[in-house]
Structures are given as structure tokens and as C-alpha cells.
Amino acid sequence: MHSEGCNCQGRKAHADDDLVLCRCEEVTKGEIRDALAAGITTVSGVKRATRAGMGLCQGQTCGRLVAGMVAREAGGPVDPATMEPVTARPPVRPTPMGVLANDSQGGEEER
């Protein structure tokens, strides 16, 4: 659990540090608190440091939870709707080289 090998960076551990906020990337509240304790104060910064919101759902599930937590814990605006929006990017997926080369053997029909 979070208390064993805690990476609390000098902050007091909370009972809910093991609660997963971002299910796609398995990011916990404790990891977000650690990022905030390290001086990160924006949702984009937390996203870069923890990968929260970078999974398959691209923050559709956890985005508001992370933004609300950053707002409360970083002392910023309490309303997540007023916070700086993060840049949504589609997830990267492997692409066969035949598709990029328009190769008739790559599964695509030649026109």
C-alpha cells in the first residue's frame, strides 16, 4: 500500500492516497499529491508528471477529478471549469508501414 515505500516527499500521508483517480494509467491520489508537493501547480503539469489523463479515455473519466484536486490542493481557483484546459491528444496507435506507403500488400486496395 502507499505507506510501504511511500514517496510522500515530506508531506503527510492521507488515508485515501491509494485511491485510483485515473483508471487508464492507474494514477492514485497520492501520486497527484506528490506532484503537487514537488511544486507542480497546473493540471497540465500534473498530467506530464503522473500521466493522469493520458490513457485511452484521454481524461474523459478522470479529468474533472484531477482538475478539482489540483484546484483544492494547489490553492488555486476552486472551480475546475475556470482552470486552464489541457490539450487533448488522440492516443498513439501502431500503424503498419504498408498503410503509410500505400502498399497494395499492406491490406489497402490500390486505386
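This talk covers the salt bridges of one predicted model and the helix that takes part in some of them.

I will start with the charged pairs. How many salt bridges does the structure hold? There are four. I will go through three of these pairs by name.

Take aspartate 16 and lysine 29. Their side chains meet in a salt bridge, at 2.8 Å from N to O. The two residues sit 13 places apart and link distant parts of the chain: aspartate 16 lies in the segment before strand 1, which is residues 20-22, while lysine 29 belongs to helix 1, residues 29-37. Are the two partners buried or exposed? Aspartate 16 has a relative accessible area of 27%, so it is partly exposed. Lysine 29 has 15%, and because the cut-off for buried is under 20%, lysine 29 counts as buried.

Next come aspartate 17 and arginine 33, whose side chains form a salt bridge at 2.6 Å, again N to O. This pair too joins distant parts of the chain, with aspartate 17 in the segment before strand 1 and arginine 33 in helix 1, 16 residues apart. Aspartate 17 is buried, at 0% relative accessibility. Arginine 33 is buried as well, at 6%.

Then there is glutamate 25 with arginine 51. Their side chains meet in a salt bridge at 3.1 Å, N to O. Glutamate 25 is in the loop between strand 1 and strand 2, and arginine 51 is in the loop between helix 2 and helix 3, so that distant parts of the chain, 26 residues apart, are linked. Glutamate 25 is partly exposed, with a relative accessible area of 28%. Arginine 51 is partly exposed too, at 41%.

Helix 1 is mostly covered, with seven of its nine residues buried. What covers them? After helix 1 comes glycine 39, which has a positive phi, near 105 degrees.

Back to lysine 29 for a moment. Leaving aside residues up to four places away in sequence, lysine 29 touches Asp16, Asp17, Leu19, Leu21 and Met69.

Met69 is part of helix 3, and the last topic is how helix 1 and helix 3 meet. Their axes come within 11 Å and cross at roughly 45 degrees. The two helices are therefore oblique to each other. The crossing of helix 1 past helix 3 is right-handed. On the helix 1 side, the contact is made by Lys29, Ile32, Arg33 and Leu36; on the helix 3 side, by Val66, Met69, Val70 and Glu73. Sorted by class, this contact has five nonpolar residues, no polar ones and three charged ones.

An α-helix has 3.6 residues a turn, so residues three or four places apart point the same way.

Definitions and conventions. Residues are numbered from 1 along each chain as its sequence is written. This is a predicted model: local features need pLDDT of at least 70, side-chain atom pairs count only at pLDDT 80 or more; totals for chains, interfaces and linings use all residues. Side-chain values use heavy atoms; hydrogens and water are left out. Helices (H or I, at least four residues) and strands (E, at least two) are DSSP runs, numbered from the N terminus. Buried means under 20% relative accessible area, exposed over 50%, partly exposed in between (1.4 Å probe, protein chains only). Contact means heavy atoms within 4.5 Å. Axes are lines fitted to C-alpha atoms, for helices over the stretch in contact, and angles run from 0 to 180 degrees between N-to-C directions. Angles under 35 degrees count as roughly parallel, over 145 as roughly antiparallel, 65 to 115 as roughly perpendicular and the rest as oblique. A crossing is left-handed if the near helix is turned anticlockwise from the far one by less than a right angle, and right-handed if clockwise. Ala, Val, Leu, Ile, Met, Phe, Trp, Tyr, Cys and Pro count as nonpolar, Asp, Glu, Lys and Arg as charged, and the others, Gly among them, as polar.
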